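Have the sequence and structure handy as we go.

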Amino acid sequence: MRIISGKHKGRRITAPKNLPVRPTTDLAKESLFNILNNHYYFDTISVIDLFSGTGNIAFEFASRGAKNIHAVDGNFNCVKFINKTSTEFDFSINAYRSDVFKFLEKTALNADIIFADPPYDMEQEKFLKIIELVFERNLLTENGLLIVEHSKHMDLSENKLLSYSKKYGGSVFSFYEANQEEL
């Protein structure tokens, strides 16, 4: 995997082979950040990266200037790798080893962007639970965005807060925003 843009554009990151991860492809990541680049100044936003794995998405935000980044993963080795790489690249990423659902239920953090990339084989009800927890707990700032990466074989369109989805190969990014009329 590589960093697409920003301070460390083009740098390759090689994760240990024993990590239980499926990193977002460079093509999908580049497409995602092209969308986000039109809506955000990265140096002014806060980010929570759920199921962070290798830290691929968190590193991309950091390279583009985001300073307030929180990466959450349940795997000790993933968190260790994120911390090691953050130190090497001088990124300010706070990595937490936690079950994502427990984290969402207890955190006092909020963010402009919450990115969730659960394992594709996780039950659909759990994907929907992530969306529910983020909005029930008001974890997004005003005009915040929840992005859920999932398999093209999963349909998450039943949630009324879905703004749109974009498909890239076998992956889909679903974008959720609070309905301003209901706030």
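Contact here means heavy atoms within 4.5 Å. This is a predicted model, where local features need pLDDT of at least 70, side-chain atom pairs count only at pLDDT 80 or more, and totals for chains, interfaces and linings use all residues. Residues are numbered from 1 along each chain as its sequence is written, and side-chain values use heavy atoms, with hydrogens and water left out.

Q: Which residues is Phe61 in contact with, leaving aside its neighbours within four places in sequence?
A: They are Phe33, Leu36, Phe42, Ile45, Val47, Ala66, Ile69 and Ile113.

Q: Why is Phe51 called buried?
A: Buried means under 20% relative accessible area, exposed over 50%, and partly exposed in between (1.4 Å probe, protein chains only). Phe51 has a relative accessible area of 18%, so it counts as buried.

Q: What makes Asp90 exposed?
A: Its relative accessible area is 63%, therefore Asp90 falls in the exposed class. Asp90 lies in the loop between α3 and β3, and its phi is near 60 degrees, a positive value in a residue other than glycine.

Q: What makes a set of residues a nonpolar core?
A: Its members are buried Ala, Val, Leu, Ile, Met, Phe, Trp, Tyr and Cys residues joined through side-chain atoms within 4.5 Å. The largest such core here has 34 residues, and Leu32, Leu36, Phe61, Ile93 and Ile147 have the most contacts inside it. A second, separate core has 27 residues, including Phe103, Leu133, Leu139 and Tyr176.

Notes: Helices (H or I, at least four residues) and strands (E, at least two) are DSSP runs, numbered from the N terminus.
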